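I open this notebook to record what I looked up in the structure shown below.

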Amino acid sequence: MRGIFSIAGRMRAVNALLLAAEAHATADGADETAAEHIVLAALDIPGGSAAAAFARVGIGTEDFRSALAAHHAAALSAVGITAPDLPPVDVSEIPTRQGRYRMSPGGRRLFERVVGSRGDSGSPAALGAMVVLALADERSGAAADALDRLGVDREALAVAARAEIAAA
Amino acid sequence: MDDLSQLPSPDSPAEALAAVVALRRLADRLEAEAVDHAIAGGWSWQQIADALDITRQGAHKRHAARRRAAGRPEEDR
């Protein structure tokens, strides 16, 4: 059974992750946190297990960001719109909202897979890799399309995520 | 803006629906940029609300906290 301190640490880590994900959603012009925003927040954790899991399959954080941007640019292009060059938004400047988290159904599905996954130590450091493990199961939406654009092997990504979860 | 008559093929709904998501997000980002420029140009929240056809409270709620956190406070005009 996990000790009360590790549970508290995990809860703090989850809270920090979701607040960071909301900032990514706001920067992206989204009212609700989607799956890709949770992934971006996980990848932002310095020296974190999400970035480490990506690195195991040869993907950098910037690669994933670029693939997401390419997804949105392609979607706009399909209706004849060239995405304008908007100045980048610094997510650290975005205030955290009060009250409950606002997640899109896709964001909630990914998050429920994160908190419902078994076999981790309960370490807060494993949380990022747990997000990547949940991402490996995504089959639709911007995050899934970004993985496809990068040519990521989902099974290899899941193996990488499990290795980082075990190491955390 | 380019030619909006260039619609996705009716047999690729995923493409059309992805375009809707991207357009909504682009619109929100453009709104934030436009509001920042308007405030910098001396517009009041009421003027911005009128231009967006939303209430003054709505305009303030959507943008004031974001602007404060970004170090761009303004008096409550």
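This is a predicted model: local features need pLDDT of at least 70, side-chain atom pairs count only at pLDDT 80 or more; totals for chains, interfaces and linings use all residues.

Entry 1. From H3(A), A:Ser49, A:Ala52, A:Ala53 and A:Arg56 make the contact, and they meet A:Ala160, A:Ala161, A:Ala163 and A:Glu164 of H8(A). I sorted this contact by class and recorded 5 nonpolar, 1 polar and 2 charged residues.

Entry 2. I then turned to the geometry of this pair. H3(A) spans residues 49-56 and H8(A) spans residues 154-167, and their axes come within 8 Å. The two axes cross at roughly 140 degrees. Angles over 145 degrees would count as roughly antiparallel, and H3(A) and H8(A) are therefore oblique to each other. I noted the crossing of H3(A) past H8(A) as right-handed.

Entry 3. The axes of H2(A), residues 35-44, and H5(A), residues 105-116, come within 7 Å and cross at roughly 50 degrees. This pair is therefore oblique. On the H2(A) side I listed A:Ala35, A:His37 and A:Ile38; their partners in H5(A) are A:Gly106, A:Gly107, A:Leu110 and A:Phe111.

Entry 4. Finally, I consulted chain B. How many helices and strands are there in chain B? I found 3 helices and 0 strands, and from the N terminus the elements run α-α-α. Chain B has 77 residues, of which 13% count as buried.

Methods. Residues are numbered from 1 along each chain as its sequence is written. Chains are lettered from A and ligands numbered from 1 in the order in which they are written. Helices (H or I, at least four residues) and strands (E, at least two) are DSSP runs, numbered from the N terminus. A residue is buried if 20 or more other C-beta atoms lie within 10 Å of its own, exposed if 12 or fewer, and partly exposed in between; C-beta atoms are placed from the backbone. Axes are lines fitted to C-alpha atoms, for helices over the stretch in contact, and angles run from 0 to 180 degrees between N-to-C directions. Angles under 35 degrees count as roughly parallel, over 145 as roughly antiparallel, 65 to 115 as roughly perpendicular and the rest as oblique. Two residues are in contact if their C-beta atoms, placed from the backbone, lie within 7 Å. A crossing is left-handed if the near helix is turned anticlockwise from the far one by less than a right angle, and right-handed if clockwise. Ala, Val, Leu, Ile, Met, Phe, Trp, Tyr, Cys and Pro count as nonpolar, Asp, Glu, Lys and Arg as charged, and the others, Gly among them, as polar.
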